[in-house]
Amino acid sequence: MPSSSRRTDSADAATPPLTHRSFTGAWQLLGVAATALAVGIAEFFAWLTGPLGSPLTAVGGVVVDFVPAPVKDTVIAVFGTGDKIFLFVAMAVGLVVLGLLVGVVERRRRRMGISLLAALGLVGLAAVMTRAGADAVNAVPVIVGTGAGLAFLSYAGGRAAAPAADNPLDRRKFLQLSAGALTVGVVAGAVGRWAVSAARQVPDMRAALGIPTPVARETVPAGTQVPVAGVEPWLTPAEDFYRIDTALRVPHIDVSQWRLRIHGMVDREIELTFDDLIGRPLHERAVTLACVSNQVGGDLVGNAVWTGVPLRELLAEAGVSPDADMVLSTSEDGFTAGTPLSALTDEKRTAMLAVTMNGEPLPFEHGYPVRMVVSGLYGYVSATKWLVDLEVTRFDQAEGYWTPRGWSAEGPIKMSSRIDVPREHASVDPNTTLAGSAWAQNTGITAVQVRVDGGAWRDATLAAVPSEDTWRQWSVRITDLPAGSHMAEVRAVDADGQVQTSERARPDPNGSSGWHERAFTVRS
C-alpha cells in the first residue's frame, strides 16, 4: 500500500493541475485552438449556407477594399498573380497571433480572452453582412463558429483554472484537448473551403455549353510570333493569362440562372438570359488586356481571341440618354467598374460582352459565363468579370470600385513596350537577338526602337498583327558586342507618330510609364 501511494503521488507530481498562473505556452495554445475552431466551424457551415457566409473571404474582401493604392501596387509587384495567396497566408498568420493574444489575456484574467474572441466574431459578422448580396442566412456560419470557439474556450479554460478540489485538468489533458480542438478547427476549415468551391463548380455545364459560330471571325495573319526562343506567345493561353481582381472566391455561376440587366439612363430596360445573349450575332476579335498595376516591363498583360456581342448594339437597343457619359458595370461578387460610354459606342473600338476565350467558354477565373472586354482601357475600368448588371449613368453620379480609392476615372492604356529576350542578367553571345512586345491600342504600333548602353537607336523588325487592338512583337539582331555587362532599352512609336515617353511613373493613379531596361552579360 505505501508503495502504491508513492506511485500515485509521483504521477500527480508529474502532471500537476494547470492553474491560471502556470504554463503560459499551454494557454497560448488554448487561444489558438479556440480561434481556429471558431473560424474552421464557420468556414464549414459556409458550405451549407452559401459562400457569402465565409468569414475569411469577407474579411479578406474588406482588407482589399481599404488597402491603399501604394500597398496594393507593392504586393502585386512582389507577388504578381499570387497576391490572393499572400493575403490568405497573411490572414492565417494574423489569426495565429490573435489566438495567442486570446490565450494570454484569458490566462491573466478569466473571461477577458472570451470577450476578445467574441469581439473577433463580431468583426467577422460585420464583414460578412456588409458584402454585396448578404442576408440573414449568411450570418449563421459566423454565429455558429464563434459560439463553438467560445464554448470550448470557456470549458477548457474553466477546467484548467479550477481549484484542486474541483478536479481541474492536468497539463497533459489540457494540451491534448487544445491540440484536438486545433485539429478539428483546421480540418473543418479546410473541408469547408474545399466543399464550397467544389459544390459551386459547374464544370460539366461549362464543358457542354454550345456557343454558336461567330458571324464575324478574326483573321490572324501568319507571322504574329517572332521566331525567337523565350519570347512570350503572341496568343496567351488561358491558363497563363494574368488574373488580378478583388474576388477572393472565384464565382461559379449556373449559366441557366444568369441574368444581365441593362438599365439607368435608357429609354427601355433590358434583361437578358445567357441564351438571349448568344442568340445574337457573335463577333470574334483578338484583344490585348492590361492591368493598371502592371509595372514597366511587367507581365500583367495578355492577348487572347474573344467571342461576344458588341456592346454598342445592346446600348443602342436600350436607347441611351444623350446626357449619359458612363456605364457602371457590376460583377456577381459586387465589384464595379465605370467605363466611358464613348468607348462602348465607338464603332472603331472593340467593346463586347465576351462568352469565349481562345475558342473555349470563358474559364471560371476569367469571368464565366460573361465578362466585358474593351480595347484601349485598363481592366479596372472596363474588363468586369462575372458580369450581371450594366447601369447607364454619369461620372458625376456614380463611381467604380477603384476610383474613390485613388485611381483615375477613365483609365486609357498607355503606350508600352518590353524586352522579353534576353532575360535579366542572362549571359549571351556577342551576336545576339533582342525581342519582345509593344502595344498602343486603338492606334497601333508602327515602330519599335532598341539601343544598347545609351548608343544609337536601332529599328526592330515588327511581326504581323490582325489589328491595332493587340500587342505587336518585335526583334532586332545585335552583333559584335564586347564582352562584359550591357544595358538595353526599348521604346515604341505609334501610328500617330507619338514616341513612347521615357518619363517614369508609378502605376497609380493611371498606369506606369517609362522605357523598359534589361541588363545582360556578353560572354568572352
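Begin the tour by selecting Asn358, which sits in the loop between strand S7 (351-357) and S8; helices (H or I, at least four residues) and strands (E, at least two) are DSSP runs, numbered from the N terminus. The model is a predicted one, in which local features need pLDDT of at least 70, side-chain atom pairs count only at pLDDT 80 or more, and totals for chains, interfaces and linings use all residues. Residues are numbered from 1 along each chain as its sequence is written, and side-chain values use heavy atoms, with hydrogens and water left out.

Asn358 is not a glycine, yet its phi is positive, at about 55°. Its relative accessible area of 24% makes it partly exposed; buried means under 20% relative accessible area, exposed over 50%, and partly exposed in between (1.4 Å probe, protein chains only).

Next, select Asp480, in the loop between strand S17 (472-478) and strand S18 (484-494). Asp480 also has a positive phi, of about 60°, without being a glycine. Is Asp480 buried or exposed? With 63% relative accessibility, Asp480 counts as exposed.

Two cis peptide bonds come next. Select Tyr368 and Pro369, which are joined by a cis peptide bond with omega of about 5°. Pro369 belongs to the loop between strand S8 (360-361) and strand S9 (371-374). Then move to Val421 and Pro422, where the cis bond has an omega of about 0°. Pro422 is in the loop between strand S11 (416-421) and strand S12 (426-428).

Now turn to the helices. Select helix H6 (residues 112-129) and helix H7 (residues 140-160), whose axes come within 10 Å and cross at roughly 170°. Axes are lines fitted to C-alpha atoms, for helices over the stretch in contact, and angles run from 0 to 180 degrees between N-to-C directions. H6 and H7 are therefore roughly antiparallel (angles under 35 degrees count as roughly parallel, over 145 as roughly antiparallel, 65 to 115 as roughly perpendicular and the rest as oblique). Residues making this contact (heavy atoms within 4.5 Å) include Gly113, Leu117 and Gly121 of H6 and Val142, Thr146 and Leu153 of H7.

Finally, display the whole protein, which has 12 helices and 19 strands. Its C-alpha atoms fill a box of roughly 100 × 70 × 45 Å along the principal axes. Of its 524 residues, 51% count as buried.
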